[in-house]
Amino acid sequence: KEAGAYGTAVFSDSRIFIHKTGTGEGEKELIRMFPEADVILIEGMKEKSFPKIEVIREGVSTHPVSNPEGRFLIVTDRNPEGYDEETAGFEEAGRIVDRILQKGWKAYEGD
């Protein structure tokens, strides 16, 4: 890579690692890289409208900042009564997983 290679790959029978220079790919291209996945979690891209969970942490933020379109859960350690949307605490991993599975989308179709 340091010598100018576009990308590098390391693989074995059970693992693969690919590192390459991006060319402006978006979330649709990223999702297509994991056709075998049932669920794909992407961090960031809060302005997008695809299904999302927003994390609000005490001492870091107080209110949601992501595009509300698609947001189906706020995970927080703050008082849940301060939000007009469904919330879950960090300790409620089972509930968070259930909400992800209830969402039931097969793939993000987006615009």
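These legends describe close-up views of a predicted model.

**View 1. The hairpin of E1 and E2.**
Strand E1 covers residues 7-11, and strand E2 covers residues 16-20. The two run antiparallel and are joined by five bridges. Four residues sit between the strands of this hairpin. Ala9 stands opposite Ile18 of E2. Strands of a sheet pair through backbone hydrogen bonds, either parallel or antiparallel.

**View 2. The open sheet E3-E4-E5.**
Three strands make up an open sheet, in the order E3-E4-E5. Their pairing is parallel. E3 and E5 are the edge strands. Each has a single partner strand, so one side of each lacks a neighbour in the sheet. Between E4 and E5, which run parallel, there are two bridges. Which residue of E5 is the bridge partner of Ile74? Thr87 takes that place.

Thr87 belongs to strand E5, which spans residues 87-88. Is Thr87 buried or exposed? Thr87 has 13% relative accessibility, so it counts as buried; the cut-off for buried is under 20%. Neighbours within four places in sequence are left aside in the contact list. Thr87 then touches Leu73, Ile74, Thr76, Pro80 and Arg95. Among these contacts, Ile74 is also the bridge partner of Thr87.

**View 3. The two faces of helix H2.**
Helix H2 runs over residues 93-103. Which residues of H2 are buried? They are Ile96, Arg99 and Ile100. Seen down the helix axis, the buried residues of H2 fall within an arc of 100°, so they line one face. These buried residues pack against E3 (52-56), E4 (71-76) and E5. The face turned away from the buried side carries Leu101 and Gln102, both exposed.

**View 4. A nonpolar surface patch.**
Four residues form a nonpolar patch on the surface: Val39, Leu41, Val97 and Leu101. Together they have about 400 Å² of accessible area. Leu101 lies in H2. Its relative accessibility is 56%, so Leu101 counts as exposed. Leu101 also sits on the face of H2 turned away from the buried side.

**View 5. The salt bridge of Lys48 and Glu27.**
The structure has eight salt bridges. In one of them, the side chains of Lys48 and Glu27 meet at 3.7 Å, N to O. Lys48 is in the loop between helix H1 (27-32) and E3, and Glu27 is in H1, so the pair ties together parts that are 21 residues apart in sequence. Lys48 is partly exposed, with a relative accessible area of 29%. Glu27 is buried, with a relative accessible area of 9%. Side chains of opposite charge can pair when their charged atoms come close.

**View 6. The salt bridge of Glu54 and Arg71.**
Glu54 and Arg71 form a salt bridge, with the closest N and O atoms 3.3 Å apart. This pair links distant parts of the chain, 17 residues apart. Glu54 is in strand E3, and Arg71 is in strand E4. Are the two partners buried or exposed? Glu54 counts as buried at 8% relative accessibility. Arg71 also counts as buried, at 12%.

**View 7. A salt-bridge network around Glu92 and Arg95.**
The side chains of Glu92 and Arg95 form a salt bridge at 3.4 Å, N to O. Salt bridges that share partners join Glu86, Glu92, Arg95 and Arg99 into one network. Glu92 counts as partly exposed, at 28% relative accessibility. Arg95 is partly exposed, with a relative accessible area of 32%. Arg99, by contrast, is one of the buried residues of H2. Arg95 is also among the contacts of Thr87.

**View 8. Backbone at Met45.**
Met45 has a positive phi of about 50°, although it is not a glycine. Most residues other than glycine have a negative phi. Where is Met45 placed? Met45 lies in the loop between H1 and E3. At 25% relative accessibility, Met45 counts as partly exposed.

Key:
Residues numbered from 1 in each chain as written. Predicted model: local features only at pLDDT ≥ 70, side-chain atom pairs only at ≥ 80, totals over all residues. Heavy atoms only, no water. Pairing = 2+ DSSP bridges. Buried < 20%, exposed > 50% of the residue type's maximum accessible area, 1.4 Å probe, protein only. Contact = heavy atoms within 4.5 Å. Patch = residues over 30% accessible without salt bridge, like charges linked within 9 Å, V, L, I, M, F, W, Y side chains within 5 Å. Areas by Shrake-Rupley, 256 points an atom, 1.4 Å probe, with all protein chains shown as cover. Arc of directions from axis to C-beta.
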